[in-house]
Each structure stands twice: as C-alpha cells, then as structure tokens.
Amino acid sequence: MSLATLSWIGLVIYIAAMIVLGVMGMRRTRSMADYAVAARFGPLFVALCFTGTFTSAATFMGYPGLVYKFGWPGMWAGAGFATGAVAAMILTARKLTSTATRIGSLSVPDFVGDRYKSDLLRVIVAVLVPIIYIAVLTAQYKGVGTLFEVVLGVDYRVGVLLCAVVVTLYIALGGTIADVYTDVVQTSIMTIVVLFVAIYGFIYLGGFAGIDAAVAKESPNLTSAATGWWAAPLFTPLGVFALWLMHVFHVGSQPYMVKTFWAVRTPKLIGQVMLYSAIILFLHNFVGLTGIYARAIVGPGLKNVDAAFPALIAAIFPPVVGALVLIAILSAAMSTVDGLLVTVSTCAANDVYRKAIVARKREPTAEDERRALTVGRIACLVFGLAPAYWAATKPPEFLLVLLWFGLAGVGSMLAGPVIVGLYMKRATPIGALVSMIVGLALYAVLFIPYKLGPNISGAAGAVAGALTMIVVSLATRQTLSEELINRLFPPAPKERHA
Amino acid sequence: MRMHVFYAWLIWWALHFVALAIYLTQTREEEAVP
C-alpha cells in the first residue's frame with residue numbers, strides 16, 4: 001500500500017480516537033475547575049501532558065531543520081531549549097503548583113490576579129496572553145499544513161483545517177481532561193517514533209563514523225562544535241546560553257505549559273512528574289538527529305529545511321513508518337494546540353467572566369458555573385478556528401519569528417510577577433505591573449528595532465522584568481494583607497507541626 | 001582525536017539530570033493545604 005493510503009487509514013483511526021477521548025473528557029467535566037485544571041491525574045499522565053504540550057510541530061520540524069542546515073552545531077538548539085525547560089521545572093513547577101492550588105487559582109492570569117489581589121492585573125494578563133497566542137496557534141497550524149502538503153501532496157489548507165477542527169472539537173467538549181487523555185496518547189506515539197527513527201537511522205548510516213564521513217564531504221563546518229564563538233546567530237556559546245536562559249524564564253511562567261502540572265492529584269507528586277518529564281524531554285530531543293541523518297542521506301538540496309524529517313522518512317523507511325511519522329508530527333502539533341486552547345478559553349471563561357465580572361458582584365452560583373463553562377466552550381471555538389482561517393487564507397511568511405516573539409514576549413512579561421512573585425514575600429502589585437511593562441517593552445525594543453533575536457531579547461527582557469520586580473517592590477509600600485501573604489508563604493511544615 | 005559534539009551534548013544533558021536529582025533529593029515536598 002502507498003504512503004498516502006496508509007496515512008489516511010492511520011489518520012481516520014487517530015482522529016476517531018481523539019474525538020472519543022474528547023467525549024470521555026466531557027462526561028467528567030462538571031465545573032470550571034474541571035475544565036481548566038482537573039487536579040486528578042497521576043504523575044506519569046501529567047508528565048506526558050507537560051512534555052507533549054512543550055514539544056510542538058516546531059520541535060519536530062524546525063529543530064531537525066536547523067540540524068539539517070547547520071550540521072552537528074544545530075543540536076545545541078535542542079539542548080538549549082529542552083534543558084532550559086528542565087531548569088524551568090526546577091525553578092517553578094513545584095512551587096507554582098502548590099501555591100496556585102493553595103490559593104485556588106485556575107490559570108496563570110488567575111494566579112497573577114489572586115497573588116496580587118488585583119482584577120486589573122488579572123484582566124491585563126488574561127487579555128494579552130490570548131492575543132499573543134493567536135500567533136502561536138497560527139504557527140502550529142501552518143506547520144501541519146506544510147506537513148500534509150509535503151508528505152501527502154494535498155492542498156496545504158487540508159492539514160490546517162483538519163488540525164484546527166479536531167482539536168477545537170475535543171477541547172470544547174472535554175477541556176483539560178480531554179487535553180490530558182489525548183496528550184497521553186499523542187506523546188506516547190511521538191516518543192516511540194522518535195526513538196525508533198533515531199536508533200534505526202544511526203545503525204543504517206554506520207554510527208558517528210558513517211554520518212560524519214557523509215556530511216564532512218560537503219563541508220567540515222557540519223561536523224564542528226559550534227557555528228562560531230560569538231558572532232554567528234544561534235549556535236555560539238553566548239547564543240545557546242541565551243536560548244537556555246530565555247527558556248528557563250518563558251517555560252517557567254508560560255501559562256499553557258505550567259498549567260499542565262496543576263492537573264496532578266496532589267502537589268506532593270510533582271517531584272515524580274519532574275523526573276518523568278525530564279526523561280521524556282531528553283528522549284524527544286533525539287529528534288534533532290533526524291536532521292543530520294537527512295543531510296547525510298538526502299544531501300543539501302532540500303528547499304524547505306523544515307521538511308528534513310519527513311524527507312528522511314521518504315528516503316529510507318517503508319510507507320508504514322512514513323504514516324506513523326506523519327501521525328507523530330501531527331500529534332506534536334495537536335498536543336500543543338490543545339494546551340493553548342484550554343488556556344485561552346480559561347482566560348475568557350474564568351479569569352475575565354467568572355472572576356472579574358461575576359465574582360465582583362456575588363459568589364458564583366451553580367448557574368454562573370454553567371454559564372462560565374459555556375463561555376469557555378464558545379471562546380475555544382473562536383480561538384481555535386480564527387487562527388485556522390488566518391493560516392489557511394493568508395499564511396504569514398515570518399511565522400517562526402511571530403511564534404518566538406509570542407512565547408518569549410509572554411515570558412518577559414511574566415518573569416517578574418510569576419517567578420519572582422513566587423519567591424519574594426515583599427513583592428507588591430505595583431512592582432508586578434511595572435515589571436510586566438518593563439520586561440515586555442525591553443523585549444520588544446531589542447527584538448524589533450535592534451533585531452537581537454528571540455533568545456537574547458527574551459533572556460534580556462525576562463531578566464530586566466525580574467530585576468524591576470525586585471527593585472520596584474522594595475521601593476513601594478506593601479498593600480497586600482498579612483492574611484494573604486501567610487497563605488502565599490505558609491510557615492514550613494516542620495514549624496507548623498512543632 | 002577531539003571529542004565528538006554529540007558527547008558534549010550528552011554531558012550538557014547529564015548536568016541537568018544531576019541538578020534535578022540534587023533538587024529532588026534535597027528539597028521537601030510542599031504541602032498543598034496550609
């Protein structure tokens with residue numbers, strides 16, 4: 001059977017499974033807390049959800065593309081971003097999960113609002129984050145469209161619409177519960193496919209000796225350690241460190257990523273979640289090897305470097321593996337899109353409607369809860385389908401730039417209020433507001449007029465935001481109540497039991 | 001012969017696993033409810 005036939009058979013089974021999981025999620029979703037957080041899962045499921053959400057179409061297509069283009073130095077891209085995520089977990093996963101659970105926040109914007117007792121901050125974050133995420137969603141859809149075009153030879157819009165409609169449907173139905181169920185399946189497929197292809201390709205090419213002999217014929221740069229010391233764009237010691245640092249801040253506070261940890265049954269299990277997540281991220285990072293394999297086998301001729309992984313598959317694997325890789329890359333995109341959609345719909349339903357509109361007037365009733373869920377489902381349809389329309393009709397040319405701009409921009413904005421706010425008792429609401437403005441503004445200035453790249457601009461924006469938070473908080477009066485501060489920073493358990 | 005880039009890449013990863021192991025063994029699990 002041909003690759004196209006096998007792929008479509010696989011896709012029909014896969015999509016049917018996702019819809020069934022969406023319906024299962026809907027049956028278990030009874031409140032806004034179920035929809036937004038669903039704190040009921042064991043550590044392995046949560047780790048599969050976090051890693052699937054982190055690993056996107058950009059990881060499965062863009063990262064091998066960089067390794068294909070730059071050779072071995074490109075592997076530092078993966079080491080930079082994924083180990084940055086491991087460090088980010090150490091920085092915030094446990095502390096943010098336990099603090100947010102303790103004060104009852106259902107999302108990161110909600111946490112900012114509750115942490116600083118400010119509906120203004122809650123609404124600013126809950127409005128800005130979805131706007132920025134439209135770019136991130138569009139980039140994921142574009143990746144799937146390109147994938148379908150390259151592998152199956154169908155119209156680019158088929159992939160865009162398929163991804164958008166399926167994910168929007170299962171998230172509108174089942175919220176976070178559907179997100180976790182589907183991510184467990186999607187991340188398992190991704191991990192198995194990456195390991196299989198990485199090991200098979202390594203043996204096929206005759207190990208390092210075979211790979212290096214094949215690529216060194218073209219250029220010795222492909223087997224060097226870095227693309228330069230300080231000057232070249234990304235794979236220099238400075239560039240990789242900035243990429244790492246940018247990820248520490250942006251993953252550590254990124255609303256759609258950190259919220260996945262909150263689905264754990266009890267924050268006591270977060271340590272296990274972190275360990276499993278680090279192992280899975282490490283395994284996913286081997287996908288970069290497919291870029292160097294592709295360079296060794298296909299040569300430098302690929303027009304679209306993002307298609308390096310699919311091109312490798314077409315060159316050395318039978319169609320059935322090709323179909324599995326297609327589904328694995330689709331899974332990588334979908335498991336990111338679903339996390340984004342839960343987050344933006346929670347911004348509308350909980351952070352703005354339930355908390356900033358209803359709760360100001362009265363304690364939310366059962367009727368309000370139902371209405372909030374409806375608002376969330378409608379927001380999910382709008383935010384799921386509008387970027388698909390954008391991606392399908394006017395595919396933006398510089399989407400990778402927009403994607404990085406979005407994620408690092410959110411990280412620069414939230415490094416102060418979320419990350420510093422977790423550790424600094426003295427942090428004040430004014431400090432949070434000023435640090436958001438300074439972090440985002442510095443990032444935008446370095447990124448747009450100075451064109452310093454997302455890694456250096458993002459790292460600088462986040463560090464500036466964090467420092468601003470500290471300085472302004474020390475310089476302003478603490479307006480938060482003693483009671484709230486004690487809930488945010490309870491005495492250590494040992495002291496309490498003494 | 002100099003070390004292959006891939007091994008440097010593995011060492012960089014290993015450092016993060018060491019950091020994670022130290023963090024997980026040295027810090028206490030926080031309780032959710034005060």
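Colleague: Two residues are in contact if their C-beta atoms, placed from the backbone, lie within 7 Å; which residues of α5(A) meet α10(A)?

Modeller: This is a predicted model, in which local features need pLDDT of at least 70 and side-chain atom pairs count only at pLDDT 80 or more, while totals for chains, interfaces and linings use all residues. Residues are numbered from 1 along each chain as its sequence is written, and chains are lettered from A and ligands numbered from 1 in the order in which they are written. Among the residues of α5(A) that meet α10(A) are A:Trp76, A:Phe81 and A:Leu91, and the α10(A) side includes A:Leu243, A:Trp244 and A:His247. These helices are DSSP runs (H or I, at least four residues), numbered from the N terminus.

Colleague: At what angle do the axes of α5(A) and α10(A) cross?

Modeller: They cross at roughly 40 degrees and come within 7 Å, and α5(A) and α10(A) are therefore oblique to each other.

Colleague: Changing topic, how many residues of chain A are in contact with chain B?

Modeller: In chain A, 24 residues are in contact with 19 residues of chain B. On the side of chain A that touches chain B, α5 and α12 each supply at least two residues, and the largest share, 10 residues, comes from α5(A).

Technical notes
Axes are lines fitted to C-alpha atoms, for helices over the stretch in contact, and angles run from 0 to 180 degrees between N-to-C directions. Angles under 35 degrees count as roughly parallel, over 145 as roughly antiparallel, 65 to 115 as roughly perpendicular and the rest as oblique.
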